[in-house]
Amino acid sequence: MSRLPRLHSSPTQPTAGPSGPTLKRKAAEEDDEARDQPRKLPAIGARDRPSRTLQPSRTTPNLAKSSSSSLTTSGPKPAPTTKLTVPRAPNLTTRHTRGTSAPPATRPAAPPARPRAVSGRSGSSDDKRFSQLQTQLTSLESARAADAARLAQDMEAERAKVAELQANHAALSRELVAARNHELNQRRELVHFSDEIEMLKKKHAREVMDLEMDVKQKAREAREVSEDLRLCRGDLEREREAVNALKATLAMQSTAHLTLTTQNQLLQAQVEAQTREIAQLTAKLEEAERMVEEMRQEVRDGEIVRRKLHNMVQELKGNIRVFCRVRPVLPSDSDEEAKITFPDKREHKEIVLESSSESATGQERKEVYNFGFDKVFEPRATQAEVFEEISQLAQSCTDGYNVCIFAYGQTGSGKSYTMEGGPTEQDAGMIPRAVDQVFRVAEQMKSKGWEYTMEGQFLEIYNETINDLLGAHDFDKKKHEIKHDARTGTTRVTDLTVVPLHSAAQVRALLQLAQKRRSVAATLVNERSSRSHSVFTLRIRGACPGAKEECEGSLNLVDLAGSERLNVSFANGAERERVKETQSINKSLSALGDVIAALGERGAGGAGAEGKHIPYRNSKLTYLLQNSLSGNSKTLMFLNLSPLASHLNESLTSLRFATKVNNTTIGTAKKQARTS
Ligand SMILES: Nc1ncnc2c1ncn2[C@@H]1O[C@H](COP(=O)(O)OP(=O)(O)OP(=O)(O)O)[C@@H](O)[C@H]1O
């Protein structure tokens, strides 16, 4: 390893690297080069071994001296031989020796040939010259002989030197071989170290790479860790805040806990006191409950008594009662107002109509018609005031009685207004108010142990045909029949829609639906509501498990068709249809009159009164209302009157019919009640 710096610092050795030749290859190349140029090896060896220099022979200066002297005299001057070339010395010496010891035979013969050719051109000068040359030649020959002798001596000396040089050469060759071997070893070592260095470099590069990756990985991890640290710090900060908040809350809670503990102790003391109080109160409550039960029983007994008394009052009022109502003059009315007065300001039971006519003598004849009914309502009477008078009947209905309220009067006299009313709450008529009342009473009766279920149906009788106003089908499609149950005193109409009723609002919606269907069915010549009877029936079933009592009542609210007489003499076309309607209306209304008259006769007693036939079957209306008119019902008739003078005659006819009804006694209504 100590030699590594030298290898790196050498200018001839390229540094190892991925692009340049490797040290090993370089050494191999140098080795090959050395083999190709063996003469340079001593120089390499000399470089490796600087201390060893080649020593010149002791005889060399002599040789150089002799050669120089011989050349100076006999040929061109030889090149200086200060640098001794060891291998040539023997060859030179050998040639030199051969030249001197055995000179070629041709060389001495050449000079005589040239004088021969010259002597041919000039005689004496040539001879002279020839003799000079002969002289020179002789001197030269002698000089040459001397030189030869001297050269022979030199040769001997040179040979000795050559032998010495050869010995030196052999020694040097051995040294060279040793140097080569050494160099080879060095090269091997060099290659080995180069390989080692290469491996170390690769290992180092790998380690560096690994370390770099490690560094990157660590840097990444460090970044992640610092990010985590930052987040953790944030979390920590928040947690600290939360902990601080919790500490504050805890402090508050501790205070609150202390307060509550104190309060709790106080409350426990109170609870104990109250427990004692409760025990006392429980005893009192049990006593009170016992008393309540006793009072409930009293209420139930009182209710039975009230019903009996209520019924007695209704009976005293008469089973068919008649209320007369005169509508106000409307802005649309163009006719003169009739003279109608109401003299009974206290009980409101009288109505007086006055008419004036001219007698045959031209005198004014005044006629006064006085009528009395159960109640007479002036035009200014409100719907609420009218209903107040009939609310008792709605009460009877929940008590298990059949109640029938119908409106009678000519077209436009206010029947529909009285029964159904207008759109506002204030204008609501008898049907919605009666239904409200029934639901209200049913609710009140709950506290007395009564539970009610209700159902409703709505039909019209048009031209003696029953139509279902709550049905899903068109009018006049289904045939409906009226069925009476003599045993229960109830009436059913076949295939009629019966709707369970749960609230007064639902009943109002049903009434609106029915009204819409009637207006859809109306034509130009046929104001259907005026030309048909409509009957809304509310059936109520009540049960009082405590009293082991059940009851079933019904409320029939009837809006009759207009009762005016029509001149039918010359009817044709559309009028003929109207005549048919009027005839059927008249038929049913006169049938109603007949039924009431027959009932009156039977009620009045007399011969054959008991077995008097009541012609209920003469019209659909009377047959439907049979149970309501036969004494098994509390019946109320509204007589609606027009205030106009032009309607006076119709009003008088209606008043007479109503008086007949009012005077009729139809028997005593029976309560539809069962006890179990
Ligand atoms: N007491 C009243 N107060 C105010 N307006 C009334 C009163 N009675 C009736 N009317 C009005 O008189 C008009 C006719 O009344 P209504 O339609 O009730 O008569 P009707 O006898 O039912 O007629 P129809 O037989 O043709 O059905 C309606 O516009 C109604 O609002």
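Predicted model: local features only at pLDDT ≥ 70, side-chain atom pairs only at ≥ 80, totals over all residues.
Reader: Which element of the chain has the highest mean pLDDT?

Author: For the chain, the mean pLDDT is 76, and 71% of its residues reach 70 or more. Its elements are DSSP runs numbered from the N terminus, with helices (H or I) of at least four residues and strands (E) of at least two; there are 16 helices and 15 strands. Helix α1 (residues 4–9) has the lowest mean pLDDT of these elements, 39, whereas the highest, 94, belongs to strand β5 (residues 375–377).

Reader: Is G412, which has 20 other C-beta atoms within 10 Å, buried or exposed?

Author: The UniProt annotation "binding site", from an unreviewed entry, covers several residues, including G412 and S416; its positions are in the numbering used here, its feature name is shortened, and such annotations may be inferred rather than shown by experiment. S416 sits in helix α9, and G412 in the loop between β6 (402–409) and α9 (415–419). A residue is buried if 20 or more other C-beta atoms lie within 10 Å of its own, exposed if 12 or fewer, and partly exposed in between, with C-beta atoms placed from the backbone. S416 is partly exposed because it has 18 other C-beta atoms within 10 Å, whereas G412, with 20, is buried.

Reader: Which strands stand at the edges of the sheet, each with a single partner strand?

Author: Three strands form this open sheet in the order β2-β3-β4, with antiparallel pairing, where two strands pair if DSSP finds at least two bridges between them. Because each edge strand has a single partner, one side of each is left without a neighbour in the sheet, and these edge strands are β2 (339–341) and β4 (364–372).

Reader: Which residue in β4 does E358 stand opposite?

Author: Strand β3 (residues 350–358) runs antiparallel to β4 and is joined to it by nine bridges. Opposite E358 stands E364.

Reader: How far apart in space are V322 and T635, C-alpha to C-alpha?

Author: V322 lies in strand β1 (residues 320–326) and counts as buried because it has 26 C-beta neighbours inside 10 Å. V322 and T635 are 313 residues apart in sequence, yet their C-alpha separation in space is 8.6 Å.

Reader: How far apart are the end C-alpha atoms of helix α16?

Author: The expected span of a helix is 1.5 Å times one less than its number of residues. The 15 residues of α16 (residues 648–662) should therefore span 21 Å, which agrees with the distance between its end C-alpha atoms, 20 Å.

Definitions and conventions:
Residues numbered from 1 in each chain as written. pLDDT = per-residue confidence, 0-100.
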